[in-house]
Amino acid sequence: MQTQSIDLQTDKALAACLRVQRPVAVLAYDYAAGDHVPAHDHSKAQLIYAVEGTMTVATREGQWVLLPTRAVWVPAHTRHSIRMRSALAMRTVFFDETVPDLASACAVVSVSPLLRELIVSMLSERRAYAFDSRGAQIAALICSELRLSRTLPLHLPSPMEPRLRSICSAMQRRPTLAGDMEYWASRANMSSRSLARLFRAELKMSFQEWRSQLLLLEAQIRLAQGQSSSRVAKGLGYDSHAAFCAMFRKEIGVSPSEHVRGLQSVEAAAK
């Protein structure tokens, strides 16, 4: 199976996926750590998935962090950009208008082992598969399995208000527990009470809730990159490794080490 580098203007394989009159089309791309796909949109809905590696998908509304156990649903004509946080093997599934939208906006979904294998298997089929062929059967199974996938609360919303957007951008550049709401309010020349109201009005979350979500997503990225949980805890400003592990288990349901083992088993199965 060959993968290709992306060129949003001239890539023939991408154009073929968008042009083909079939419910499902799959495309493979490989990227290096730090690669960035600038903001763009497609005429078809898509499921952005990586069998290996981590990435961040961003729209005006927020960011979604993707690991090999999850994908993001992007409705047609939704402008989005992608940043690779590690070397990455992307497998994008395009859906035409005959396939019902999984969600009305971008949403992270869990990827079962079966769905992953179906996506990979679809790459060996003709793009314009016959309607009574194996490719058609795999396409139908992809749609069926996707409808059973759980959506996950892994969205980090982005504000539009300029002062709050500046604060959130600064926190994303250096995610840490350091700096309380009074600190960030002073940087924007406002009171902490005004900042609290902005978070609620713009993001429907408190300052603490938004920062906790930011730290949780960043922790998952760093663990997937191979950093130890103790290093991640220290890097994010937790007082102790135990405090970080307690937070992680509360939010994810497993310890950091169990989470990493799950990712490693998924990536090993994909090779």
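Colleague: What covers the buried residues of H6?

Modeller: Keep in mind that this is a predicted model. The cover over the buried residues of H6 includes strand S11 (155–157), H4, helix H5 (181–187) and helix H7 (207–224).

Colleague: Which residues of H6 are the buried ones?

Modeller: Leu195, Leu198, Phe199 and Leu203 are buried in H6. Around the axis they cover an arc of only 100 degrees, so they sit on the same side of H6. The spacing fits a general rule. An α-helix has 3.6 residues a turn, so residues three or four places apart point the same way.

Colleague: And which exposed residues does the face of H6 turned away from its buried side carry?

Modeller: That face has Arg193, Arg197 and Ala201, and they are exposed.

Colleague: Where is Asn189, and is it buried or exposed?

Modeller: Asn189 is in the loop between H5 and H6. Exposed needs over 50% relative accessible area; Asn189 has 73% relative accessibility, so Asn189 counts as exposed. Asn189 is not a glycine, yet its phi is positive, about 55 degrees.

Colleague: What is the phi of His77?

Modeller: His77 has a positive phi of about 65 degrees, and it isn't a glycine either. You'll find His77 in the loop between strand S6 (70–74) and strand S7 (80–84). With a relative accessible area of 58%, His77 is exposed.

Colleague: How do you know which side of H9 is the buried one?

Modeller: Look at Phe244, Met247 and Phe248, the buried residues of H9. They cover an arc of only 95 degrees around the axis, so they lie on the same side of H9. On the other side of H9, Ala242 and Lys250 are exposed.

Colleague: What span does H9 reach, and what is expected?

Modeller: Helix H9 (residues 241–252) has twelve residues and reaches 16 Å from its first C-alpha to its last, close to the 16 Å expected at 1.5 Å a residue. Just after H9 comes Gly253, with a positive phi of about 100 degrees.

Colleague: Which residues are buried in helix H2?

Modeller: In helix H2 (residues 113–122) they are Leu115, Arg116, Leu118, Ile119 and Met122. Their arc around the axis is only 165 degrees, so they are on the same side of H2.

Colleague: Is Arg126 buried or exposed, and why?

Modeller: The cut-off for exposed is over 50%. Arg126 has 64% relative accessibility, so Arg126 counts as exposed. Arg126 is found in the loop between H2 and helix H3 (134–147). Its C-alpha is 9.2 Å from that of Ala25, with the two residues 101 apart in sequence.

Colleague: Why does Val37 count as buried?

Modeller: Buried means under 20%, and Val37 has 3% relative accessibility, so Val37 counts as buried. Val37 belongs to strand S2 (residues 36–40). Arg83 is 46 residues away along the chain, and the C-alpha atoms of Val37 and Arg83 are 6.4 Å apart.

Colleague: What makes Thr56 count as buried?

Modeller: Thr56 has 8% relative accessibility, so Thr56 counts as buried. Thr56 is in strand S4 (residues 55–59). Leaving out residues up to four places away in sequence, Thr56 touches Gln63, Trp64, Val65, Ser81, Ile82, Arg83, Arg85 and Ile221.

Note on methods
Residues numbered from 1 in each chain as written. Predicted model: local features only at pLDDT ≥ 70, side-chain atom pairs only at ≥ 80, totals over all residues. Heavy atoms only, no water. Buried < 20%, exposed > 50% of the residue type's maximum accessible area, 1.4 Å probe, protein only. Helix = DSSP H or I, 4+ residues; strand = E, 2+ residues; numbered from the N terminus. Arc of directions from axis to C-beta. Contact = heavy atoms within 4.5 Å. Expected span 1.5 Å × (residues − 1).
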